[in-house]
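Me: Hi! I'm new to reading protein structures and I'd like to go through one with you. Could you show it to me?

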Amino acid sequence: MITEAFSQKGRENKIEKYSADFVVVGGGLAGVCAAISAARKGTKTVLIQDRPVLGGNASSEVRLWALGATSHMGNNNRWSREGGLIDEIMVENLYRNREGNPIIFDTVLLEKVINEPNITLLLNTAVSDVKKSDDHTIKSVKAFNSQNSTEYDIEAPLFCDASGDGIVGFKSGASFRIGAESKEEFGELFAPDESYGQLLGHSMFFYSKESDKSVKYVAPSYALQDINDIPRHKLIRKNHKGCNFWWFEFGGRKDTIHETEEIKWELWKVIYGVWNYIKNSGEFDDVENLDLEWVANVPGKRESRRFDGLYMMKQQDVLGQEVFDDAIAFGGWALDLHPADGIYSELSGCTQWHSKGVYDIPYRSFVSKNINNLFLAGRIISASHVAFGSTRVMLTCGFGAQAVGTAAAMCTSEKVLPAQILEDGRIKTLQNQLNIDGQSICNVPIQAKSNLLNKATVEASSTLKLFQIETNGNWLPLDVSVAQLLPLKVNTKYSFKVTIKAKEATQLEVQLRTSELAHNYTPEIILEQKIISIEKGEQTIEFSFEAIISESSYAFVTFMANEKLELQESDQLITGIMTAFNGVNKKVSNTGKQTPPDGIGVDAFEFWIPNRRPEGKNISLSISPPLEIYEAANLGNGYVRPWKGTNAWVADLTDNTPEINIEWDELQTINQIKLFFDTDYDHAMETVQYGHPEDIIPFCINTYKIYSAEGDLLFEKQGNYQTINTIILEESINTKGLRIKLEHPSKSVPAALFEVFVA
């Protein structure tokens, strides 16, 4: 029993004090990635999250699907899923949760964090104040947990604000912006005017389910009474739920920080009114058994403060694919702005304009301009309102935050401030470490000198020469134009054979296309086109192109639409090749071609997009000369995904025991081996609703063994599904060689490996 006498002075809450190397405020995907990345480099980190779960808008509290540059596979950004830590998280979620249950995703994130011994996690803890040691330096943050009535005083030399609304930056006095810049400030022609609105609002979702009996619904008094108040109410479907209602948005005309509670109530009004419309209006059949299963209690926030960094990203950086010397991540979501009136607007719920490929995000945008020891992460990084329309999406946020955590670890070990990473060559060190961790910064390979493999002779038991994509699939109706993506060699003429079936005599148009930029996959250049006469029935045709490409890169062997024709498909999956269709994906404003109005600084071009597995199969082709694109030399070239070329070693399927032999002239001391596998960076791994056809990507090697030159078994793995396997040897070894024995993922998928990193 506890009793306390009356206290005239009142009482103080329990106070706990922490001292750390690095404090991360905000536990969305950005905060999680910043904290884990720092902790894995030995940095003592405190992660403070004001909610009971991690993940922010991707958590079970909001249930927005996490996406980034792949953009629902609806743009021209091939093999662009974010790498490194955020990829590890997404692949883990796919393995455990391919159906897309947001509660399971919560557990994936929580497990990743609590498994790091260098992280102290404080859930349900809201930062409310900042103490400074001088005008430009944060000393500590103050926080409160209402669940345990405990105040926290947390001190560190480095801080990261990943809180979404920027509470640390705000309280520390860092400069920030809210709203849209004018066209004149940065020359951004897509900058919105006041009639469109200057802020994106909040959204809330609901889920419904089919019951086994009739379910009555009586709407609360605060529900929307007249569905006609929603101009786009005809878009509502009885079977839609969750992210299908991303356009249930409100608050763009309000203070999206201080009026969040009012915005939430308006969104509740909409949701319960819409459900009343579905259940009781008579406009929908077979809804008697539909039940309202879940309604969000917190809104998903899109936009509030954006803080000034050492560089502010602009529209031109995104659409022009500006190259930055300090690039540490890439983006690829469209410039995606929404009318400020949200659900009550008569305009389309969003306006999206895509770039022709992915774009660099510079380190400087993650460093506060005014506060010397403050990193920025997530949606508050230094970007204009227009550029923010792309950089704000969650996987892009988490991807950039991995660089923040890694930079914080560098700052800790070298006793420097965030801006000093830009000095004395440290940015190159940061970039290289990120790439070793799987970041895949555009145009920046892993430095050859950092990989002991590049001092060795590397040989493989076999190498796939691609002269035939097997004929063992279904027939593909040529209702839309389709292209086979192939990495072609410079100054080489190619011939192809393809099996085709015609309903009647007709003509086939075949084009050889390439991209203006070798690292893009927008096939805007037609190098050559041929018209081939086709007879009725099944036949094999052969065609050759005289045109050659001036730089080794991907090309599109393109078959233009003709409803009278069908192409023979292949069930064979091979790393680094795929098909793309001149198709439509309305979720990302893709109608087959981007046709912007004049005067907004946006390019017009066609979309060539993949179909998701199990569709989207390769076209059965014979290729002459064969494509010699899978050499063992790729294993040390520093690229860990397709980029201008496949960058992979691939074994021949007839090789029953594929093997890589690595030999050095002299003894090497080895502590670590990293293997980079193929988990199909083109597949968007949405966390909720979509569901996925497999829990393990079919390209990924599951079983392998690593031996020393002396024949000692160093490591073996069965059941692998992750992209990167890092083998830390218990004790360093001295050896003149390594032998890696691998198994093909399946009888129809050859073993593939992008990089072997040895240190």
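Me: Which side chain meets Glu528 in a salt bridge?
Reply: The partner of Glu528 is Lys530, with 3.5 Å from N to O. A salt bridge here is a side-chain nitrogen of Lys or Arg within 4 Å of a carboxyl oxygen of Asp or Glu. Before we go on, this is a predicted model, where local features need pLDDT of at least 70, side-chain atom pairs count only at pLDDT 80 or more, and totals for chains, interfaces and linings use all residues. Residues are numbered from 1 along each chain as its sequence is written, and side-chain values use heavy atoms, with hydrogens and water left out.

Me: Thanks! Is Glu528 buried or exposed?
Reply: Glu528 counts as buried, because its relative accessibility is 15%. Buried means under 20% relative accessible area, exposed means over 50%, and partly exposed is in between (1.4 Å probe, protein chains only). Lys530 counts as partly exposed, at 26%.

Me: How many salt bridges does the structure hold?
Reply: There are 44 of them. One pairs Asp153 with Lys131, and their closest N and O atoms are 3.8 Å apart. Asp153 lies in strand 7 (residues 150-155) and Lys131 in strand 5 (residues 125-134), so this pair ties together parts that are 22 residues apart in sequence. Helices (H or I, at least four residues) and strands (E, at least two) are DSSP runs, numbered from the N terminus.

Me: What about Lys264, which residue does its side chain meet in a salt bridge?
Reply: That one is Glu261, at 2.9 Å from N to O. Lys264 and Glu261 are about one helical turn apart, because they are three residues from each other in helix 6 (residues 260-280). Lys264 is buried, with a relative accessible area of 10%, while Glu261 is partly exposed at 46%.

Me: Which residues are linked in a network of salt bridges?
Reply: Arg177, Glu181, Glu185, Glu303, Arg306 and Asp308 are linked that way.

Me: New topic: holes! How many cavities of 30 Å³ or more are there?
Reply: The structure holds three. On a 1 Å grid over the protein atoms alone, a cavity is a set of points where a 1.4 Å probe fits but cannot get out, and a pocket is an open set with protein on both sides within 12 Å along at least five of seven lines; lining residues have an atom within 4 Å of a point. Grid points are joined across faces, edges and corners, and a volume is the space filled by probe spheres set on the points.

Me: What is the volume of the largest cavity?
Reply: The largest cavity has about 200 Å³. It is lined by 25 residues, and Phe330, Ser440, Arg641, Pro642 and Trp643 are the closest to its centre.

Me: And which residues line the second largest cavity?
Reply: Its lining is Gln321, Glu322, Val323, Val358, Tyr359, Asp360, Cys442, Asn443, His519 and Trp643. This cavity holds about 60 Å³ of space.

Me: What is the phi of Gln321 near?
Reply: Phi of Gln321 is near 50°, a positive value in a residue other than glycine. Most residues other than glycine have a negative phi. Gln321 sits in the loop between helix 7 (315-319) and strand 15 (327-331). Asn443 also has a positive phi, near 65°, and lies in the loop between helix 10 and strand 20 (457-460).

Me: Helix 10 again... where is Asn432?
Reply: Asn432 is in helix 10 (residues 426-436). Asn432 counts as buried, at 8% relative accessibility. Its side chain makes a polar contact with the side chain of Ser450 at 3.3 Å. A polar contact is a pair of N or O atoms within 3.5 Å; within protein, one must be able to donate a hydrogen and the other to accept it, and residues adjacent in sequence count only if both atoms are side-chain atoms.
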